[in-house]
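I opened this entry to keep track of what I looked up in one fold. I begin with a helix and a sheet, then turn to the whole chain.

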Amino acid sequence: MKTSLRATAASCLGVSGKLSVRRDVFGYIWGPMDRRLSVKTHLQRIRGTAFNLCVFLVGHDPGFGGWFDQDEARQPQHAIDVMRELYAQVGVGVRKIYWRYIPVAEATGYFSLDGAEATDLTEDFSGPNDGLDVFYVQLITDAGGWSKRNGSCDKNKTGERTGSVIEVQGSNSTASLNFGGILLAHEVGHYLGLAHADTITNVMGSDTDGDGIGTINSTSVNLTTSQGNTMKGHCSIKSAC
Ligand SMILES: [Zn+2]
């Protein structure tokens, strides 16, 4: 097991030496979380077909002096862990997490956003092209999140949204945190090429009124083999390591 952990950390994540499993292998840097973590299951998931994520906290300052308090800063890692479980259904792993933050001084105008401003945000800031960008913001006025469908792997591409933008949950209850995971999986699912589904129990939810904004709830947890195949065809997908 130990050999496997070190070998996977080195070959898949590029880390070696004194490891913290939670921090360096799972990528969870924001403190404890209300999730059971299985190292063995995680290693299997990240060794297979997978992609990397770059997560921005928009308006964060060290010491939680910005727009994020510690509980809100923990939300994305909980959401990532839920997304990992959901995507495991179709054999798509979330391998490496790059963390970034935009200080309040540089986040002016991005406390509260609509869809057009979400696009501006992804044009103004970018993480490494090695991972898909996800921006956590305080408030989105016209949806729970925004993402381009089948988004680019070139973050410098202008005139389009080059990442997903997600609103933090208003509550830190486990139910809200779990829903935040479904929301993350939904928006990143769009970026990986998925359209809305026609059933509420699917991660991609339904859009019965056809306004382009899907509806999801706590039961939106399923993915189909066909959706998995679409995701695996995205430019960000990396082969097994
Ligand atoms: Zn949607």
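Which strands does helix α4 lie across? I found that α4 (residues 70-88) lies across β1 (50-58), β2 and β4 (132-137), and that it runs at about 160 degrees to β2. Helices (H or I, at least four residues) and strands (E, at least two) are DSSP runs, numbered from the N terminus. Residues count as in contact if their C-beta atoms, placed from the backbone, lie within 7 Å. Axes are lines fitted to C-alpha atoms, for helices over the stretch in contact, and angles run from 0 to 180 degrees between N-to-C directions.

I noted where this comes from. This is a predicted model, in which local features need pLDDT of at least 70 and side-chain atom pairs count only at pLDDT 80 or more, while totals for chains, interfaces and linings use all residues. Residues are numbered from 1 along each chain as its sequence is written.

**The sheet**

I looked up the strand order next. An open sheet of 5 strands runs β2-β1-β4-β7-β6, with mixed pairing. Two strands pair if DSSP finds at least two bridges between them. β2 (93-102) and β6 (145-147) are at the edges with a single partner strand each, so one side of each has no neighbour in the sheet. From one strand to the next the twist averages 20 degrees.

I checked two pairs. β1 and β2 are parallel, with 8 bridges, and Ala50 has Gly93 in β2 as its bridge partner. β6 and β7 (residues 164-167) are antiparallel, with 3 bridges; here Ser147 is partnered by Ser164 of β7.

I also noted that β1, α4 and β2 form a right-handed β-α-β unit. Right-handed here means that, with the strands pointing away from the viewer, the path from the first strand over the helix to the second runs clockwise.

**Two helices**

How do the axes of α4 and α6 cross? They come within 7 Å and cross at roughly 65 degrees, α6 being residues 174-191. Among the residues making the contact are His78 and Met83 of α4 and Leu177 and Val188 of α6.

**The whole chain**

I counted 7 helices and 7 strands in the protein chain. The radius of gyration (taken over C-alpha atoms) is 17 Å, close to the 18 Å of the globule rule (2.2 Å times the number of residues to the power 0.38) for 241 residues, so the chain is as compact as a globular protein of that length. Along the principal axes, the C-alpha atoms fill a box of roughly 50 × 45 × 35 Å.

How values were computed
Two residues are in contact if their C-beta atoms, placed from the backbone, lie within 7 Å.
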